[in-house]
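Open the model in your viewer and keep the sequence panel beside it. The stops below are given in the order in which to select them.

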Amino acid sequence: MPKAASSRSSSPTKAGRSSSPVKPGRSSSPTKSSTTKSHHRKIPGLTQIPFASDLRPRPNFPRPPPTSTNSGNPSKAKQCPVEIYDRFYDNTPAREHGEGKQIWLAEDVFSQRSSPRAWSGADDPSYPDSPRGSPEPYDMADIEEVLDPEAISIGLNQISLGEDRSSNPGNSLDHDPDEQPFLRTHYLRKFLAAKAPSQLPLQCSNSPQCCLSSTPVSSSSARFFRCRECFGRRIFCAPCMVNMHQHLPFHWPEAWVDSSSARIDAEVWGRDIPLQFGYFKRTSLYDLGLQVGLGHEGSFCPSSHEADTFTMRVLHTSGQHEVRFRPCGCGQKPRWEQLLDSDIWPATELKPQTGFTLGVLRHQRCFSLRGKTSLKEYYDALVDLTSPAEHKGEIPSLYDQFRIAVRQYRILTMYMRAGKDGCLAPLQNGELCVKCPACPEPGVNLPPNWDLDRMKQLHYARFLAGDGNFKLQRLAKRGSSKSEGSKSLLGDGGFWVSESTFQRYLAETSVAADEPLNQKKSACNTMAGDPGYSPEGAKALDVTGVFAVSCRHIFLCPNGVVDFHKGEKYRYVDLCFAGPLNHSYAAGLRYFVITYDIACKYGVNFKSRCCTPTCQFVLIPMKQGELNVIFCVNKFHQESHEDGCAAKNALEYTQYVGRTCGEGVETIWAKMNWLRYSTREMSPGHRIETLSEHFNDWNWQKTLNIVRFTKSAYLSAVQSLDVVLEELESLKDSLGPATAAQLYA
């Protein structure tokens, strides 16, 4: 609701207005108010202070009672100027608020009282003299408002919404927990009751048909158990608990410890301990003697024996478990293959003693892609689920094995998504990447005779945008480039440029291909393209940043990412643009639009550096025709360019471009920068694989939403087409036929 223009006193004046009260330390002379006047239409004689949250207003304001000057003629009755207030005080005496004056309180108006009442400080518990509350000072200039139709509508809608929420607390999710006492009186009681059994003495839920079978059960003083993961919190004896979890080996049971088996020092606790007491203590199915069969759909192999078991530590979403497996003896499958058939990823193939369920690998991948959670934080959370306090230091660390398993699972997941059923055949460039389904690609999404279209330069041009990021760095570690895992397992099939091409191009080209270091600075290179730029702490960095190329639909291009080692040099950028350009040129496209922060300088000698046969290294061989490339500056970065440069390279004034901003690649960094602290410590290969997985997921999420986005953009374009055509006709009429004809020529 709009704030009032100036301060008003608490008592109405004859004209329906009020004057500012004289406050201690302030002059009574009129001064100009520090607040601006409200732009809303004022209702004379009506002033309102914000409504209290505990009022129950009615939707219609009552007509103020008239003060009749002629009792025989009500139509000539003089309307009494009315001011409506809700509670306001500034710790001044009540007489300064007009005590005894005839005013209307907000609660009087909303409750449709028939006559005004005298204001008194005792009417409100927050008034200083009231025994029901403590002082709550306000400033009149801050809380006074002018009632207008819009303010009344907004205020009543908000209060009615508050009433609906208060009448239906079960449907409201944004209430303050302190406003819901049942959370403490009911929920807390239920949480405490869940720690204990519902009744004593305990007995097995399968009684009297308790399966006292020959299932091996280790010696334990506890007789009854319940499972924290199973629904219902049912009580079972040890044999029943083991039989129930034959196919659920990753649950956590709890053993009931009663007063007879608990070791309690009575001298320490005194007489506060009841005669009969107990509590549930966490245990494991391994301690209860559970054996899990491999093969035969989880059942025991007939050829196996109880003694033919081996123990493994298995990491699951519920924590780290020790599991006793009984392998299948009727086949020739090795142990690691039997574990994989049971959805357990072995840490090694030879006598595996550590494994990870496929569920925990999928779970970690989802948390990493959606929440950008580091692997170390995720593993620490699983350790807390295993044992948050007791014996936590005794849990063996599986982090190193888990890290290797996650990396292997990541690679195989990308292979499966790309439709690769084997790893023996060499990967093609960018084969494991999710590609943009909307970019023009002959033989995929273009009509048969697309090359005969007279407007193919407009309809079938591919847009590429490049940008550098100096947040995704990597720390320089001794021997990390030569250690195991320094090379990416993706090869040339990921988003990074081909390693062989990268090394050859840098070796066969000279530094002169980059922008000269002593070039005079200008307004066109203040935001990008500095070949000598180094971020803070660059001496401790092996990789200072990355450069990436995205398409018009904000998909990261395969073989369009490269690591910076110092500055944003032209040769590194050439390698990034060469990957997507080579792919589209080989497919038959000849028209491209490239947006780059410094396209005004970068595009000048692009062909002489990358395409012509006389260059030092031909990155983009033009054997099938001319390559037509238009360079433009992204719209956001136009402000950092000189006036003539910005107009010359602006997207708005470039033919065959249409409506685009060229800043799509910037939006990718907002998400990917969350990985800066976790990837800067990784090995070179592991870092590339992790970022590639997140780039692939970015493209996949774009693929899922591109239909909805395209539909919305198309409908918006159709709706605005008539408006644009109408404005165009109006512009042509204002210019005249002759001038308009010259523009179309």
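Does S584 count as buried or exposed, and at what relative accessibility? Select S584: it counts as buried, at 3% relative accessibility, where buried means under 20% relative accessible area, exposed over 50% and partly exposed in between, with a 1.4 Å probe and protein chains only.

Before moving on, note that this is a predicted model, in which local features need pLDDT of at least 70 and side-chain atom pairs count only at pLDDT 80 or more, while totals for chains, interfaces and linings use all residues. Residues are numbered from 1 along each chain as its sequence is written, and side-chain values use heavy atoms, with hydrogens and water left out.

**Stop 1: around S584.** Show helix α13, residues 570-587, which contains S584; helices (H or I, at least four residues) and strands (E, at least two) are DSSP runs numbered from the N terminus. Leaving out residues up to four places away in sequence, S584 touches R462, L589 and F592, a contact being heavy atoms within 4.5 Å.

**Stop 2: N696.** Move to helix α19, residues 684-735, and pick N696. N696 is buried too, with a relative accessible area of 3%. Beyond its neighbours within four places in sequence, the contacts of N696 are M414, R417, L432, C433, V434 and F495. For L432, display the backbone oxygen, which lies 3.1 Å from a polar atom of the N696 side chain.

**Stop 3: α8 against α19.** To see the contact, select R365, S368, L369 and R370 in α8 with E693, H694, D697 and Q701 in α19. By class, this contact has 1 nonpolar, 3 polar and 4 charged residues.

**Last stop: the whole chain.** Zoom out to the protein chain, with its 20 helices and 21 strands. Of its 745 residues, 42% count as buried. Among contacts with a separation of 6 or more, 69% join residues 24 or more positions apart.

Conventions: A polar contact is a pair of N or O atoms within 3.5 Å; within protein, one must be able to donate a hydrogen and the other to accept it, and residues adjacent in sequence count only if both atoms are side-chain atoms. Ala, Val, Leu, Ile, Met, Phe, Trp, Tyr, Cys and Pro count as nonpolar, Asp, Glu, Lys and Arg as charged, and the others, Gly among them, as polar.
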